[in-house]
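Here's a short walk through one protein model, written for someone new to reading structures. Have a look at the picture first, then read on.

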Amino acid sequence: MAKAIHSMIRVLDEARSLEFYEQAFGLKVADRLDFDSFTLVYLSNPETEFELELTVNKGREEPYDLGDGYGHLAVSVENLDAEHARFVEAGLNPRKLVEFAPGGDVIARFFFVADPDGYEIEVLERGGRFK
C-alpha cells in the first residue's frame, strides 16, 4: 500500500516561506538539500510524518504563476477559533471562518490562508473525517 510522504511547492523567497510556515503551522526544517541550480527544503512538525517540500530555484526573480490547476494544502487543528484568532493577531490575514453544512448538518469548519507565494492552505477543525 502506498503512503503519502510529502507534497512539493515552488517558492520564490526561502526565508520568507520558512518564516510563514513556522509561524502559521509550526513547521521547521527537517532536511535541506542544496544543488547548483535549486534547493529542496523539507518541513515537518511532530504532529505528522507528512512533510512539505519547498523547491527554491536559484536565480528566479519573478513569482510563479499558480495557474488554474492548483487546489490547496490542508491541515487540521484542535481549536479552530483559537487558531484563527492567532493568525489574525500574527498578521497572517486568514479568511473568515466557514461552517460547511450542505445538508443542514455541519460537516466541517475551516478557514483559508494564503502563503507568501499565493498557495492556499485550508485550516480545518479536527473531527469526523478531518483528523
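## A first look

Of the 131 residues in the protein, buried ones make up 34%; "buried" means under 20% relative accessible area, "exposed" means over 50%, and "partly exposed" is in between (1.4 Å probe, protein chains only). Keep in mind that this is a predicted model, where local features need pLDDT of at least 70 and side-chain atom pairs count only at pLDDT 80 or more, while totals for chains, interfaces and linings use all residues. Residues are numbered from 1 along each chain as its sequence is written, and side-chain values use heavy atoms, with hydrogens and water left out.

The protein has 2 helices and 8 strands; these are DSSP runs numbered from the N terminus, with helices being H or I of at least four residues and strands E of at least two. Starting at the N terminus, the order of elements is β-α-β-β-β-β-α-β-β-β. Along the principal axes, the C-alpha atoms fill a box of roughly 55 × 35 × 30 Å.

Next up is an open sheet of 4 strands in the order 1-4-3-2, with mixed pairing. Two strands pair if DSSP finds at least two bridges between them. Strand 1 (6-10) and strand 2 (28-34) are the edge strands, each pairing on one side only. On average, neighbouring strands here are turned by 20° against each other, direction ignored. Strand 1 pairs with strand 4 in the parallel sense over 5 bridges, and I9 stands opposite L54 in strand 4.

What packs on the sheet? Helix 1 does, touching strand 1, strand 2, strand 3 and strand 4, and its direction makes about 10° with that of strand 3. Such angles run from 0 to 180 degrees between N-to-C directions, using lines fitted to C-alpha atoms (for helices, over the stretch in contact).

## The core

The largest nonpolar core has 22 residues, and F20, Y21, F25, L52 and L54 touch the most other members. A nonpolar core is a set of buried Ala, Val, Leu, Ile, Met, Phe, Trp, Tyr and Cys residues joined through side-chain atoms within 4.5 Å. Several elements each supply at least two residues of this core, including helix 1 (14-25), strand 4 (48-57) and helix 2 (80-89). Helix 1 gives the largest share, 4 residues.

A contact means heavy atoms within 4.5 Å.

| Residue | Residues in contact (heavy atoms within 4.5 Å) |
|---|---|
| L54 | I9, V11, S17, L18, Y21, T39, L40, V41 and L43 |
| D117 | R10, V11, L12, R16, S17 and L66 |
| E125 | V77, E78, L80, R109 and F130 |

Is D117 buried or exposed? D117 counts as buried, because its relative accessible area is 15%. D117 sits in the loop between strand 7 and strand 8, and its side chain reaches the backbone nitrogen of L12 at 3.1 Å.

E125, for its part, belongs to strand 8. With a relative accessible area of 23%, E125 is partly exposed. E125 and V75 are 50 residues apart in sequence, yet their C-alpha atoms are 8.7 Å apart in space.

Terms used. Polar contact = N/O pair within 3.5 Å; in protein donor to acceptor, adjacent residues only side chain to side chain. Lists of a residue's contacts leave out its neighbours within four places in sequence.
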